[in-house]
Amino acid sequence: MPLDERTLALLACPLCKGRLVWLSASKELVCRGDRLAFPVQNEIPILLTSAARQLSTQDLEQVPK
């Protein structure tokens with residue numbers, strides 16, 4: 001699922017309302033501020049904190065700024 005810039009501009013982290021970064025390799029939307037990765041299933045972003053995984057420092061270094 002390729003997310004374009006216009007679609008990404010509409011999405012925000014449910015906790016901090018910050019910008020999300022699309023990681024196509026893992027099919028996740030990442031919030032750098034909260035260190036959370038939200039899954040995308042069947043081309044639908046699951047922006048629930050209960051569905052997100054916590055990112056380690058090493059994982060966070062892989063996320064483009």
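Q: Is Cys16 buried, partly exposed or exposed?
A: Cys16 is partly exposed, at 39% relative accessible area. Buried means under 20%, exposed means over 50%, and partly exposed lies in between (1.4 Å probe, protein chains only). This is a predicted model: local features need pLDDT of at least 70, side-chain atom pairs count only at pLDDT 80 or more, and totals for chains, interfaces and linings use all residues. Residues are numbered from 1 along each chain as its sequence is written, and side-chain values use heavy atoms, without hydrogens and water.

Q: And Cys13, buried or exposed?
A: Cys13 is buried, with 1% relative accessibility.

Q: New topic. Which residues does Leu8 contact?
A: Leu3, Leu20, Trp22 and Leu29, leaving aside neighbours within four places in sequence. Contact means heavy atoms within 4.5 Å.

Q: Where is Lys27?
A: Lys27 is in the loop between β1 (21–23) and β2 (28–31). Strands are DSSP runs (E, at least two residues), numbered from the N terminus.

Q: What does Lys27 touch?
A: Trp22, Phe38, Pro39 and Val40, not counting residues up to four places away in sequence. Lys27 and Pro39 are twelve residues apart in sequence, and their C-alpha atoms are 6.5 Å apart.

Technical notes. Helices (H or I, at least four residues) and strands (E, at least two) are DSSP runs, numbered from the N terminus.
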